[in-house]
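Morning, everyone. Let me walk you through one structure, starting with the annotated sites and ending with the rings.

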Amino acid sequence: MSVQEYLDKHMLSRKIEDAVNAAVRAKTPDPVLFISNHMKKAVPSVIMKVKARQVLDSRGVPTVEVDLFTNKGMFRASVPSGDSTGLYEAVELRDGDKGTYLGNAVTKAVKNINEKISEVLVGMDPTVQLQIDQAMIDLDKSEKKNELGANAILAVSIAACKAGAAEKEVPLYKHIADLSGQTNSILPVPAFTVISGGKHSGNGLPIQDIIILPTGAGRFEEALQMGSETYHHLKAVITEKYGANGCNVGEDGGFIPNVSSVREGLDIVQEAISRTGYSDRIKIGIDVAATDFCIGTKYDLEFKSPNKSGKNFKSGKDMIQMYKELCTDYPIASIEDPFDKEDWEHSKYFCSLGLCQVVGDDLLMSNPKRIGRAIQESACNSLLLKINQIGTVTEAVEVVKMAKEAHWGVVVSHRCGETDDSFIADLAVALGAGQIKAGAPCRGERLAKYNQLLRIEEELGDQAVYAGEDWRPSC
């Protein structure tokens, strides 16, 4: 094919002429760069290549990372992983060979991306997120994504979402908002983990986390400052009461002092908040993770103690009474997973009391069917969204819509095995979630999310709205 034939076939002569005319009209000082950029815009972007690899998450456990290429560049995404996989969530595909990474390698998921998913997606428009996600769901054919792996599918879904934003030349949060139909970008209240317990630590605290929520801040930047200052005051309080060893941190960055009861943990957090002077502007939350210590129909609050007294083996009714007293004595605004994942009756009754936000994590597992049941039965009033439990950006958007239509709160959440990918920060803003749970104001993989929210607030400027006192709907 001659040069002229090539130009005629692709109609390049006309496109080049249009680019040159545009450069002349713009009186650009660098016509070559201008014409190059103009030509790029004239050609719609398509997915050219998808390449995956195995990397390590914040716990040193393998996870999936994807590089997705279009003519606008390379877009990278990596997925988090949880401590354990629930029965109702999408399946995280791992190799299972105990001789390699103790069975946790993800080379099968990586291979599925490089050999199967890439073949389907190459040539697709990166802006059509629904079609991209559906193509992968159709390729997998299983209900819980166990053929290709939810970790494989989600990594590609996030990378494609980033590529779609670049193609539209808008920020990632704006692109996701467009996909969801959300018109207002809202900076979420950060739910900072400050003390870790439960199965995440070796102390005597039975519940998984004690959390602070700076709802009284005027901006996200101020909320981050309030969280950081409280965290450092708490470090001083712990050092005074328990010694320097109490300031070691768990997987989420929360301190792990040797407290043995919920009240003991809440007391030192209260002391730290009082030292900051923010007492009226910071609320407290607890993540109970009650499934971890439910035995039959009872709850063993001494499940980590080698010397059990037998006095803390509680019924569901006893747990409700305990929560009532805690909400009376402390500024508790949110309780996550107060009961076992199958204890619907006590969850419904406690939620009906209206004492605080009741967040469903293990109860829901970001599963649309579980969320639908919880909405119908009023078993909780807030969704904890973990995107790797559902597997695609599109499906995450849909379950948030379900929650919002029910006038629920929404908490976009990290996992204990995190990466430095800050995608959930943009997701929280885009969906107007109102809350983000990304760990302590400590550790790089947690701060990646909080620092991205700072950048988004700065970019929005006068248009930035911090959820603040409107952090969740009235339930």
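Before the sites, a word on the annotations: UniProt positions are given in the numbering used here, and annotations may be inferred rather than shown by experiment. Keep in mind, too, that this is a predicted model.

With that said, the record. Under "active site", an unreviewed UniProt entry lists Asp252 and Lys386. Under "binding site", the unreviewed entry lists Asp287, Glu336 and Asp361. Those three span 75 residues in sequence, yet no two of their C-alpha atoms are more than 9.3 Å apart, so they gather at one spot.

Now the layout. The domain assignment gives three pieces: domain 1 covers 3–42, domain 2 covers 47–167, and domain 3 covers 180–463. Between domain 1 and domain 3, the C-alpha centres are 53 Å apart.

Let's take the active-site entries. Asp252 sits in the loop between α8 (220–242) and α9 (262–276). Is aspartate 252 buried or exposed? Its relative accessibility is 4%, so aspartate 252 counts as buried. Look at what surrounds Asp252. Setting aside residues up to four places away in sequence, Asp252 touches Thr193, His200, Asp209, His414, Cys416, Gly439, Ala440, Arg443 and Arg446.

Next, Lys386. Lys386 is in the loop between β14 (382–385) and α13 (393–405). With a relative accessible area of 10%, Lys386 is buried; the cut-off is under 20%. Its contacts, beyond neighbours within four places in sequence, are Asp361, Ser366, Ser413, His414 and Arg415. His414 is on the contact list of Lys386, and His414 is on that of Asp252 as well.

Which side chain makes a polar contact of 2.9 Å with lysine 386? Aspartate 361 does.

Asp361 lies in the loop between β13 (357–360) and α12 (368–377). Its relative accessibility is 5%, so Asp361 counts as buried. Away from its neighbours within four places, Asp361 is in contact with Glu336, Asp337, Leu384, Lys386 and Gln389.

Asp287 is in strand β8. Asp287 is buried, with a relative accessible area of 1%. Among its contacts are Asp209, Glu336 and Lys437. Glu336, then, touches Asp287, and Glu336 touches Asp361.

Glu418 lies in the loop between β15 (409–413) and α14 (423–430). Glu418 is buried, at 4% relative accessible area. The side chain of Glu418 makes a polar contact of 2.8 Å with the side chain of Lys449. Glu418 also touches Asp57, Ser58 and Pro80, among others.

Val411 is in strand β15. At 4% relative accessibility, Val411 counts as buried. Val411 touches several residues, including Val359, Leu384 and Ile436.

On to aromatics. How many aromatic pairs does a search of the whole structure find? Eight aromatic pairs. Take Phe293 and Phe303: centres 5.5 Å apart, planes at 25°, so that pair is stacked. Phe293 is in the loop between β8 (283–287) and β9 (294–295), and Phe303 in the loop between β10 (298–300) and β11 (313–314), so the pair ties together parts 10 residues apart in sequence. Phe293 is buried, at 2% relative accessibility. Phe303 is partly exposed, at 22%.

Tyr323 and Phe350 form a tilted pair, 5.3 Å centre to centre with 50° between the planes. Tyr323 is in helix α10 (residues 316–329) and Phe350 in helix α11 (residues 344–352), so this pair ties together parts 27 residues apart in sequence. Tyr323 is buried, with a relative accessible area of 0%. Phe350 is buried too, at 1%. Ring pairs link Phe293, Tyr299, Phe303, Tyr323, Phe339 and Phe350 into a cluster.

Last, charges over rings. The charged end of Lys49 sits over the ring of Phe69, 5.4 Å from its centre. Arg370 lies over the face of Tyr88, 4.1 Å from the ring centre.

Conventions: Residues are numbered from 1 along each chain as its sequence is written. This is a predicted model: local features need pLDDT of at least 70, side-chain atom pairs count only at pLDDT 80 or more; totals for chains, interfaces and linings use all residues. Side-chain values use heavy atoms; hydrogens and water are left out. Domain bounds come from an automatic or database domain assignment. Helices (H or I, at least four residues) and strands (E, at least two) are DSSP runs, numbered from the N terminus. Buried means under 20% relative accessible area, exposed over 50%, partly exposed in between (1.4 Å probe, protein chains only). Contact means heavy atoms within 4.5 Å. A polar contact is a pair of N or O atoms within 3.5 Å; within protein, one must be able to donate a hydrogen and the other to accept it, and residues adjacent in sequence count only if both atoms are side-chain atoms. Rings of Phe, Tyr and Trp (its six-membered ring) pair if their centres lie within 6.5 Å; planes under 30 degrees apart count as stacked, over 60 as edge-to-face and the rest as tilted. A charge sits over a ring if NZ of Lys or CZ of Arg is within 6 Å of the ring centre and within 35 degrees of the ring normal.
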